[in-house]
Amino acid sequence: MENLIITLEHAKKVRRKRADLMWTKKATAERLKIKPQTLNKVEAGNYDAPRRIYESVMNWLIEDL
């Protein structure tokens, strides 16, 4: 199964959007349908994510564009 990398740049954008929305990690994880532990990996960057998690994060980042 193909995994995709959530880069440091993606991680920075996730942290910035979460801060702008003033959401907790728990609320953000629920919105992305991932576990809080997984969100920690996403926000750290260089995360080799399964396709579902990668798509969830990327769709969340682009929904305001």
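Is Arg 51 buried, partly exposed or exposed? Arg 51 counts as partly exposed, at 34% relative accessibility. Here, buried means under 20% relative accessible area, exposed means over 50%, and partly exposed lies in between (1.4 Å probe, protein chains only).

1. **Ground rules.** This is a predicted model, in which local features need pLDDT of at least 70, side-chain atom pairs count only at pLDDT 80 or more, and totals for chains, interfaces and linings use all residues. Residues are numbered from 1 along each chain as its sequence is written, and side-chain values use heavy atoms, with hydrogens and water left out.

2. **Arg 51 and its partner.** Arg 51 is found in helix H4. Helices (H or I, at least four residues) and strands (E, at least two) are DSSP runs, numbered from the N terminus. The side chain of Arg 51 meets that of Glu 55 in a salt bridge (3.4 Å, N to O). A salt bridge is a side-chain nitrogen of Lys or Arg within 4 Å of a carboxyl oxygen of Asp or Glu. Both residues lie in H4, 4 residues apart, about one turn of the helix. Glu 55 is partly exposed too, at 38% relative accessibility. Now look from Arg 51 to Thr 24. They are 27 residues apart along the chain, and their C-alpha atoms are separated by 24 Å.

3. The structure holds 6 salt bridges. One of them joins Glu 63 and Lys 17, with the closest N and O atoms 3.5 Å apart. Glu 63 sits in the segment after H4 and Lys 17 in helix H1, 46 residues apart, so this pair links distant parts of the chain. Glu 63 is partly exposed, with a relative accessible area of 40%. Lys 17 is buried, at 10%. Lys 17, Arg 31 and Glu 63 are linked in a network of salt bridges.

4. Which residue forms a salt bridge with Arg 18? The partner is Glu 43, at 2.6 Å from N to O. Arg 18 lies in helix H1 and Glu 43 in helix H3, so the pair ties together parts that are 25 residues apart in sequence. Both Arg 18 and Glu 43 are buried. As background, side chains of opposite charge can pair when their charged atoms come close.

5. **The nonpolar core.** The largest nonpolar core has 16 residues. Such a core is a set of buried Ala, Val, Leu, Ile, Met, Phe, Trp, Tyr and Cys residues joined through side-chain atoms within 4.5 Å. Ile 6, Val 14, Ile 34, Leu 39, Val 42, Ile 53 and Val 57 touch the most other members. Strand S1 (3-6), helix H2 (25-32), helix H3 (36-44), strand S2 (47-50) and helix H4 (51-62) each supply at least two residues of this core. The largest share, 6 residues, comes from H4.

6. **A positive patch.** Lys 12, Lys 13, Arg 15 and Arg 16 form a positive surface patch. Patch residues have over 30% relative accessible area and no salt bridge; like charges are joined within 9 Å, and nonpolar side chains (Val, Leu, Ile, Met, Phe, Trp, Tyr) within 5 Å. Arg 15 lies in helix H1 (residues 8-21). Arg 15 is partly exposed, at 37%.

7. **Two positive phi angles.** Met 22 is not a glycine, yet has a positive phi of about 55 degrees. Met 22 is found in the loop between H1 and H2, and is exposed at 73% relative accessible area. Lys 33 has a positive phi near 60 degrees. Lys 33 lies in the loop between H2 and H3, and counts as exposed at 64% relative accessibility.

Conventions
Areas by Shrake-Rupley, 256 points an atom, 1.4 Å probe, with all protein chains shown as cover. Lys, Arg positive; Asp, Glu negative; His and termini not counted. Charge placed at Lys NZ, Arg CZ, Asp CG, Glu CD.
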